[in-house]
Amino acid sequence: MEFVAEKIAKKVEMVKLSEPLSRHTSFKIGGPADLYVEPQNVEQLIFVLTCLQEQKKPYYFLGNGTNLLVHDDGYRGAVVRLAGQFREFSFTQELVSAGAAVPLAVLAQKAEQLGLRGLAFAGGIPGSVGGALVMNAGAHGHSLGELLVDAQILNAALILHTCQPQELGLSYRQSNIRPPQVVCAVRLQLTAGDKDELVRQSREALAFRRNRQPRQPNAGSIFKNPLGDAAGRLIEAAGLKGHRVGGAAISDVHANFIVNQQHATAQDVMTLISKVQQEVSRQFGIELALEVRLLGY
């Protein structure tokens with residue numbers, strides 16, 4: 001990996017070897033990536049991916065690291081995190097253009113300040129715009145896909161395409177955007193709204209999340225909600241709320257969250273995940289699917 005790192009460093013400033021991924025995830029868990037790199041624009045991104053592909057090195061795109069559990073041994077490949085121009089956004093009347101690395105909550109706050117309706121649901125959602133599109137993130141009955149005009153996506157051949165919403169297979173907490181595809185930017189259509197009302201909605205959404213979600217390091221919802229039910233309700237009904245393994249515990253605030261209480265390892269979290277799946281299956285006959293993403297497994 002040293003050779004490819006030296007090559008990439010000729011055009012990209014931020015290049016690190018053996019970078020601990022615990023520094024880059026909201027869980028504060030995870031071993032090192034062999035290579036960590038932050039391209040600043042599409043040209044640098046294509047250069048980085050070309051170098052990695054030529055050397056047959058695996059790579060993973062990291063957003064804000066808010067829905068990710070990294071193996072204790074880390075990742076034997078390159079972690080690519082978009083920066084620079086990918087963190088820029090602009091509003092043209094009711095149309096917003098945003099790079100994939102823009103924090104979704106920042107975009108929601110700016111829209112609220114401008115009196116634009118559509119992103120109030122996203123005020124407390126962590127993560128980047130690109131990651132939010134890949135997962136079709138949402139809350140309170142709304143999701144990002146509802147607002148999407150189009151998305152700039154780099155394909156496996158390193159060609160940038162403008163994709164329409166209907167091409168992306170957007171549904172509950174998922175899309176058909178898969179590696180090696182990369183979201184580079186999106187355009188969202190908002191509508192004019194009453195600023196005071198938008199501020200009220202945003203405050204309500206934030207208060208809801210603060211009252212129902214833990215403050216300790218976590219990766220958001222661990223499991224997807226099964227059809228017609230809620231994962232948190234099932235886990236609590238199974239008697240697992242507060243259950244602990246090592247430094248990780250099922251949150252006392254919301255049972256669909258696992259929190260890093262004290263120097264938790266990824267193995268601690270995975271043991272809890274397995275326990276939850278087994279108990280919910282045994283007691284209710286429901287198989288809980290992961291919403292959190294895994295890296296290094």
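The model is predicted, so local features need pLDDT of at least 70 and side-chain atom pairs count only at pLDDT 80 or more, while totals for chains, interfaces and linings use all residues. Residues are numbered from 1 along each chain as its sequence is written, and side-chain values use heavy atoms, with hydrogens and water left out.

Helices (H or I, at least four residues) and strands (E, at least two) are DSSP runs numbered from the N terminus, and two strands pair if DSSP finds at least two bridges between them. An open sheet of mixed pairing is formed by four strands in the order E1-E2-E5-E3. Strands E1 (15–20) and E3 (59–61) stand at its edges with a single partner strand each, so one side of each lacks a neighbour in the sheet. Within this sheet, E2 (residues 32–37) and E5 (residues 75–80) run parallel and are joined by four bridges; Val37 has Val80 in E5 as its bridge partner.

A hairpin is formed by E6 and E7, with two residues between the strands, and there Gln93 takes a positive phi near 55°. Strands E6 (residues 89–92) and E7 (residues 95–99) are antiparallel, with four bridges, and Phe89 is partnered by Ala98.

Rings of Phe, Tyr and Trp (its six-membered ring) pair if their centres lie within 6.5 Å, with planes under 30 degrees apart counted as stacked, over 60 as edge-to-face and the rest as tilted. The whole structure holds three aromatic pairs. One of them, Tyr59 with Phe61, is edge-to-face, at 5.9 Å centre to centre and 90° between the planes. Phe89 and Phe91 also form an edge-to-face pair, with 6.1 Å between centres and 90° between planes.
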